Each structure stands twice: as C-alpha cells, then as structure tokens.
Amino acid sequence: MCGIIAINSYRDITNMLIDGLKQLEYRGYDSSGMAVIDAHQQLNCSRRVGKIRALEQSLKQQPISGTLGIAHTRWATHGKPCEKNAHPHLSDNTFAIVHNGIIENYENLKKDLQQQGTVFYSDTDSEVIVHLFNQYWRQTGDGLDALLKLRQTLQQGAYAVSIINTREPNRLLAMRVGSPLVVGLGQGENGVASDIIALLDFAEELIYLEEGDIADIRSDKVTIYDSKGNIVQRETHPLPQKKSVNHRGHFRHYMLKEIFEQPQVIADLINNAISETEISANIFGADAERVLTQVEQIQIVACGTSYHAGLAARYWLESIVGIPCRVEVASEIRYRRVAIMPNTLFLTISQSGETADTLAALKQAKQSKQYLSSLAICNVAHSSLRRNSAMSFLTQAGTEISVASTKAFTTQLVSLLLLTAVLAKLRGMDAYKQCLCQLKQLPDLLQKALSVNDDIAKLAEFFTHKQHCLFLGRGTQYPIAMEGALKLKEISYIHAEAYAAGELKHGPLALIDEEMPVIAIAPENELFDKLKSNLQEVQTRGGKLIVFSSERTKNNWQDRIINLSLPAVADMIAPIIYAIPMQLLAYHVAAMKGTDIDQPRNLAKSVTVE
C-alpha cells in the first residue's frame with residue numbers, strides 16, 4: 001500500500017500522475033514511482049525513495065511521456081523502503097502493476113514461480129502479481145482473461161491492483177478485492193485511484209468498484225465486470241464539491257490547521273444534526289428509529305484513534321442510557337469466538353471507512369447473522385464501511401490531510417454523543433434534553449479551549465530532551481489520556497503510555513522519577529478529589545506533573561505543579577473539550593523536536609492492510 005493513481009487518456013498523463021500522487025501524499029508513504037507506455041509502445045518506469053519531489057526531479061532529468069500510465073506511493077509492508085521495492089513492479093519490461101494491500105499466500109506463489117524460472121527483483125509480495133499476470137496473459141492472450149485467472153490464484157489477502165502492458169497499449173485494467181478503488185470518468189480520459197481526491201483534476205463522474213469488481217478502462221469507455229466475470233452496470237456518482245483542503249493558509253502544518261478547524265466543523269455537524277429542539281433518529285438511517293428502539297446492547301469495533309472514541313462512548317452509553325456496551329479492537333475481535341447477546345447493535349467507527357480490520361470484522365458480523373443491525377460512523381461518504389453497513393452517520397469533518405487524526409476524532413466523539421442522545425430520547429429519558437443542551441454549547445467551548453495554544457507552545461520546550469511520558473485520566477478522561485499518549489508518540493516519537501489514574505500504584509509508579517513527565521487530565525467532576533490523591537503519589541516521588549484542569553479549580557494546585565486551565569464544562573462533554581490540549585501538546589512538542597508532523601515516519605493515513 002498506500003496510494004494508486006492510473007490514467008488512460010488522449011493526452012500525455014505524466015504530470016497528471018505526479019499531481020495525483022501529490023494529492024495522495026497525506027496517506028503517508030516512503031517511496032513513489034510511475035510507469036508509462038509511450039508512443040512507441042515501450043514501457044518506461046521511474047521509481048524513487050523518499051518524497052514525491054525526488055521522483056519529480058528524476059523525471060525532469062530523464063523525462064518519460066505517454067497517454068497510458070500507472071503511479072503509486074508505497075508504505076512498506078513486505079521489504080524495506082528502497083528503490084527496488086518501490087512500485088510499479090515490472091515483468092519482462094512488458095507488464096507493470098501497482099498494488100495496495102497484502103497477498104498473504106505470496107510466499108508459496110513466489111516459490112512456484114521461481115521453480116519455473118522466474119527471477120524476482122524485489123522483496124515485496126506485490127511482485128508476485130505482475131509475474132503471475134505475465135504468465136496468464138501468455139496462456140490466454142487477453143488481459144481480462146489473465147486478470148480473472150489471477151483473481152482465482154490470489155485467494156488470500158486484500159488488494160487493489162492496476163495493470164498496464166505493452167501488448168495492449170490502450171488498455172488499463174484494475175481489480176478490487178478488499179481494498180478500495182474508485183473509477184474516474186472524464187472527457188476522452190478515464191482513470192482509477194485509491195482515493196477520489198487523486199481524480200478531481202480530470203474526472204466528472206465516479207464509479208465506486210464493489211468487492212471483486214474488475215474495471216476495463218479505455219480512454220473513451222469503461223466496462224465493469226463483477227466477481228463472476230459478468231458485465232455489470234455500477235451506479236455513477238457526481239464529483240463531490242471541491243474544498244480548499246490542500247493549502248495550509250497561515251498555519252505551519254496541516255495538523256495545526258485541522259486542530260483549529262474543530263470549532264467550525266463541529267458547529268456544522270451539530271447544526272446539520274439538530275433542529276431547534278430535536279434530534280431525529282433518522283440521521284442514522286431511514287430505519288434507525290425502529291432498530292435503535294430494539295437495541296439492548298452495543299458492540300463497538302474500531303482501531304487506533306477510532307477505538308479511543310469508542311471507549312469514550314462506552315461511558316456515555318452505559319451511564320446516560322443504561323445500555324451495556326463492549327468496545328474491542330477490530331484486529332482482535334476477528335480472531336476469537338464472541339458471545340453475542342440478543343438485540344446487539346454492531347457499531348463500527350473509522351475515519352476513512354476503508355480500515356481493513358474494521359471492514360473484515362463487519363463482514364464477519366454480517367455473516368454471523370446474530371446481530372440486530374450494523375451502524376457505521378465514518379468521515380467518507382462513499383466508503384466501503386458506509387456502503388456495507390445497514391445504517392450510517394457521516395461525521396462531516398472534511399478532508400483531513402495530517403496523518404495524525406484530530407478533527408476526525410472529535411467529530412467521532414460528537415457523533416457518538418448524538419447517538420447517545422437519540423437512544424435516550426427513544427427511551428423517554430430526561431438525559432436527552434441534557435445532551436441536546438450540552439451539544440449546542442460545544443462550538444463556543446471548543447473555541448475557548450484553543451486559547452491554551454500559546455501556553456502549550458511554551459510548555460513544549462520542557463519535552464525537548466524527554467524520552468518517555470505518562471498520561472493519566474479517570475472515567476471518561478481515561479480514553480482521552482490514551483488518545484493523548486497516542487498523538488504524542490505518533491508525531492514526536494516520544495514513548496508515551498496512558499493509564500487509568502487509579503492503576504498508577506499497581507506498577508507504573510515504579511517509572512516515576514525527575515525525568516518522567518506525567519500529564520493528568522483533571523476536569524472538575526466527582527472523581528476530581530480521587531485524582532488529586534493519585535497525583536500526590538507522583539509528586540511525592542519527584543515526578544514532574546502537568547495538569548489540565550477546569551479554570552474553577554486552578555487554585556487547587558501547588559507551585560511545583562504546572563497547571564493549564566480550560567473552561568469549566570459539564571462532565572458529559574468534557575472528553576471532547578480536553579481532547580484539544582492533548583492534540584496541541586503533541587503538535588508543539590513535535591514542532592520543537594523538528595519531526596515530520598503531517599507525515600510521521602512509518603505511518604499511513606488509511607490502513608488498508610491487516
């Protein structure tokens with residue numbers, strides 16, 4: 001993985017491919033490359049390690065051109081980041097492929113091909129695909145037939161593949177099994193990409209490939225074949241309105257821009273979901289009221305930051321509505337036997353809607369036929385997760401460029417609180433009105449929370465030479481502490497862990513010394529005094545305490561404790577408010593250390609492999 005763009009056109013597409021790759025940079029990558037068939041039906045390929053500008057510079061020195069080509073940004077899975085492992089991969093300088101995903105049975109396939117005399121040049125699983133395609137094309141003499149045979153062979157794994165070959169110099173082929181691909185339809189030119197953002201410059205309509213689909217893409221037409229090889233008509237969609245996301249304005253990084261966008265995107269989300277006095281269950285789907293009325297338990301499944309949002313939601317759902325809620329990492333629930341209670345709602349959360357483990361867990365849940373229904377909370381309108389769930393809710397965060405999620409996380413929290421409010425309403429609970437009132441206050445309170453930015457920027461200097469950090473929280477703030485630790489480690493590369501504050505004395509206290517910063521999230525609530533007692537254990541042992549607390553409790557802290565005050569807020573919405581300083585702290589520490597904030601090492605925005 002990570003990004004695919006391929007175009008079949010009437011004009012030279014080299015610059016279009018470069019532009020498409022640049023649109024995909026936000027996904028994270030370690031190398032890039034392209035392959036183009038020129039006017040003499042020769043295959044020309046260029047690959048470089050590092051940023052796309054390295055590929056761009058190489059193409060200036062050794063230009064290539066053509067009307068048919070494929071390009072890729074790679075995030076290493078099999079084989080280290082180096083030029084030989086970058087995509088595209090070639091076979092006999094005739095066939096070229098780009099690939100997202102993982103071929104789980106590639107070792108056996110590679111061994112068989114090597115025994116037949118095939119020479120491999122890379123350490124990747126992807127190269128197996130191009131050599132197999134070469135073999136099947138020689139057997140069939142047709143790219144579509146070769147691709148159908150290839151799909152039967154690649155039985156294990158999830159992948160999106162795009163292929164060109166000099167024997168069919170006017171044909172672009174693409175196949176989607178478990179990893180997303182979208183076709184872009186233009187005037188005299190068509191293409192395919194792993195994200196619609198790469199198609200915006202030329203496409204006028206879109207086709208979202210379904211599971212097992214193959215696209216035969218010519219410059220003047222596109223034919224779609226289903227998993228059985230039958231020609232099918234897939235719905236076309238208008239291009240979404242272009243938004244000005246690819247500029248930072250006066251912000252130094254996209255991450256900081258996206259942090260400061262949160263009051264507005266959450267205001268928009270709330271205004272779209274709430275009328276003057278009501279939240280309708282229909283915001284989650286046409287059949288949502290009937291389904292949600294029957295819900296007796298909720299199973300939340302997610303990964304990473306989305307998992308933390310789910311953990312916060314568990315507190316809301318159980319304490320406000322009284323519905324039992326379990327939260328599990330998607331990669332774990334897939335591989336164990338789960339006891340499913342009657343009338344359980346299967347709720348998935350994903351920023352991209354293409355997270356491989358979450359999609360696989362949803363597929364497994366639907367196959368079991370034991371869940372009442374499925375609901376997806378997602379930020380991408382036409383994602384696989386939304387299309388495959390019975391109900392869905394769009395978080396409306398807009399495109400998030402930075403790999404480290406900020407506004408996508410807080411809009412997930414708001415979406416889950418909206419779900420909590422609807423469930424309370426359907427059960428005739430007074431808590432519904434409280435939820436409604438608190439949600440409406442959120443945008444203004446988030447704007448006030450951002451006022452700690454300058455203080456946090458100064459605080460970041462303290463972390464310049466730190467290697468480790470602890471985050472503490474209790475109740476609904478424990479998941480926010482987990483998210484704070486994740487953000488810090490993601491972009492500053494400081495080792496950070498989060499603990500429920502009451503667990504401090506059960507082991508982590510052994511780590512406390514003068515070199516260990518301890519960050520505590522301490523809003524004014526029923527657990528405030530207990531948390532203060534936990535923090536005294538840190539202070540007694542010489543740990544450096546940094547406390548984020550309510551402005552009403554700022555006089556509770558001793559001089560040796562660094563205290564940053566946030567607006568006084570109700571406990572219900574405190575997790576959303578206190579997420580802001582956690583994001584700002586991670587950002588400013590990373591900026592102080594000079595790391596690549598928007599594209600941190602080894603990470604990808606959309607994790608479409610297991």
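1. Helix α7 (residues 262–273) packs against helix α13 (residues 407–426) at an angle of about 25°, their axes lying 10 Å apart. That makes α7 roughly parallel to α13 (angles under 35 degrees count as such). The crossing of these two helices, α7 and α13, is right-handed.

2. This is a predicted model, in which local features need pLDDT of at least 70, side-chain atom pairs count only at pLDDT 80 or more, and totals for chains, interfaces and linings use all residues. Residues are numbered from 1 along each chain as its sequence is written, and side-chain values use heavy atoms, with hydrogens and water left out.

3. On the α7 side, the contact (heavy atoms within 4.5 Å) is made by Gln 262, Val 265, Ile 266, Leu 269, Ile 270 and Ala 273, and on the α13 side by Lys 407, Thr 410, Thr 411, Val 414, Ser 415 and Leu 418. By class, 7 of these residues are nonpolar, 4 polar and 1 charged.

4. Now to helix α1 (residues 14–23) and helix α2 (residues 52–61): they pack at an angle of about 170°, with axes 10 Å apart. That makes α1 roughly antiparallel to α2 (over 145 degrees). Thr 14, Ile 18, Leu 21 and Lys 22 of α1 meet Ile 52, Leu 55, Glu 56 and Leu 59 of α2. The class count here is 5 nonpolar, 1 polar and 2 charged.

5. Is Ile 70 buried or exposed? Ile 70, in strand β4 (residues 68–74), counts as buried because its relative accessibility is 0%, where buried means under 20% relative accessible area with a 1.4 Å probe, protein chains only. The C-alpha atoms of Ile 70 and Gly 33 are separated by 8.5 Å, the two residues being 37 apart along the chain.

Technical notes:
Axes fitted to C-alpha atoms, helices over the stretch in contact; angles between N-to-C directions. Helix = DSSP H or I, 4+ residues; strand = E, 2+ residues; numbered from the N terminus. Parallel < 35°, antiparallel > 145°, perpendicular 65-115°, else oblique. Nonpolar A, V, L, I, M, F, W, Y, C, P; charged D, E, K, R; others polar. Buried < 20%, exposed > 50% of the residue type's maximum accessible area, 1.4 Å probe, protein only. Left-handed = near helix turned anticlockwise from the far one by under 90°.
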